[in-house]
Amino acid sequence: MKRYDKEAMPLDRLSVLSVKAALGPWAEKTGLRTEAQVDSTNLRLKEEARAGLIRPPYLLAAGAQTAGRGRLGRSFVSPPGGLYMSLLIPTPEDFDPGKITILSAVAVCRAVEEETPLRPRIKWVNDIFVGGRKVSGILAEKIDQGVIVGIGVNIHTPPGGFPPEAGLAGALDAEADPARLAGRIAFHILEGTAHPGDPAILDAYRQRMFLTGQTVRFTQNGREREGLVVGVSDDGGLLVTVNGLTETLRCGEVTIGSQSLDGLE
Ligand code: BTN
């Protein structure tokens, strides 16, 4: 397991107050704690929920992770200087992993827009980009006790930069209080789950999703394919036209040429 020598970002009692303030009306109903460093906030909540120690809604925010986990079995580089949070929510009646991901991506964008001058964009399905770099990723996991939405936000570039295994990772590099960001992200997710089917969420997602009009590559049934993105379906799939036929991608990942990222704010 990776250990960070540098002192992890202190998320102390004062920051709990900031998270609560940012949670607004949800503060009273939401279990909450902050930690300077954990192995993985998703893993912590999974174990604690299964052991009956916590119940939804519950938010854990940390300043660093030593074993951060990403999608598709990857690791998520989580040095001090970022925000790593997991929110345990009750399983929605119309549970759909795609919808949770869409809601969470919009929640991250809205929180960053509220707390910084930045205008983040979304790469389907759940990567948040600023200036052509991935600044945030989302990993939603369903367990018997609810759904754990794990979100990492790179706030500051670590000294020496991100390691090569972090790929396209970048940071907000803006003055942003991680405690407030955590609270606002959780606020927007909790509000969204309280208003299921709100069309404003999909509209907000489509407005920020930058792949529309781009040629993307993806792997389907072991075959490399290429197509033109024409939009996002009502249930959050990526609409891609291949050889004149439009298909809906529901999961997985698409890649784009680096020139497609050049024009991003
Ligand atoms: C991805 O981009 O592949 C998803 C990354 C999700 C990372 C977050 S950080 C907080 C939570 N805890 C984890 O171990 N992973 C998620």
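How far is an oxygen atom of the ligand from an N or O atom in the side chain of Lys-134? The distance is 2.5 Å. That is a polar contact, by which I mean a pair of N or O atoms within 3.5 Å; within protein, one must be able to donate a hydrogen and the other to accept it, and residues adjacent in sequence count only if both atoms are side-chain atoms.

Before going on, this is a predicted model, where local features need pLDDT of at least 70, side-chain atom pairs count only at pLDDT 80 or more, and totals for chains, interfaces and linings use all residues. Residues are numbered from 1 along each chain as its sequence is written, and side-chain values use heavy atoms, with hydrogens and water left out.

Gln-65 has a side-chain N or O atom 2.9 Å from a ligand nitrogen. Arg-71 uses its backbone: an N or O atom there is 2.7 Å from a ligand oxygen. On its own the ligand has 410 Å² of accessible area, and the protein covers 98% of that (Shrake-Rupley method, 1.4 Å probe).

The shell around the ligand holds 19 residues, with Ser-40, Gln-65, Arg-69, Arg-71 and Lys-134 the closest; a residue counts if one of its heavy atoms lies within 4 Å. Sorted by class, five are nonpolar, 10 polar and four charged. Here Ala, Val, Leu, Ile, Met, Phe, Trp, Tyr, Cys and Pro are nonpolar, Asp, Glu, Lys and Arg are charged, and the others, Gly among them, are polar. Strand 6 gives the most, four residues. Helices (H or I, at least four residues) and strands (E, at least two) are DSSP runs numbered from the N terminus.

Next, helix 3. Residues 97-115 make up this helix, 19 in number, and from first C-alpha to last it reaches 27 Å, close to the 27 Å expected at 1.5 Å a residue; the expected span is 1.5 Å times one less than the number of residues. At its start, a side-chain oxygen of Asp-96 comes within 2.8 Å of the backbone nitrogen of Gly-98.

Last, the backbone. Most residues other than glycine have a negative phi, and most peptide bonds are trans. Pro-56 and Pro-57 are joined by a cis bond, omega about -5°, and Pro-57 is in the loop between helix 2 and strand 2. Leu-72, not a glycine, has a positive phi of about 55°.
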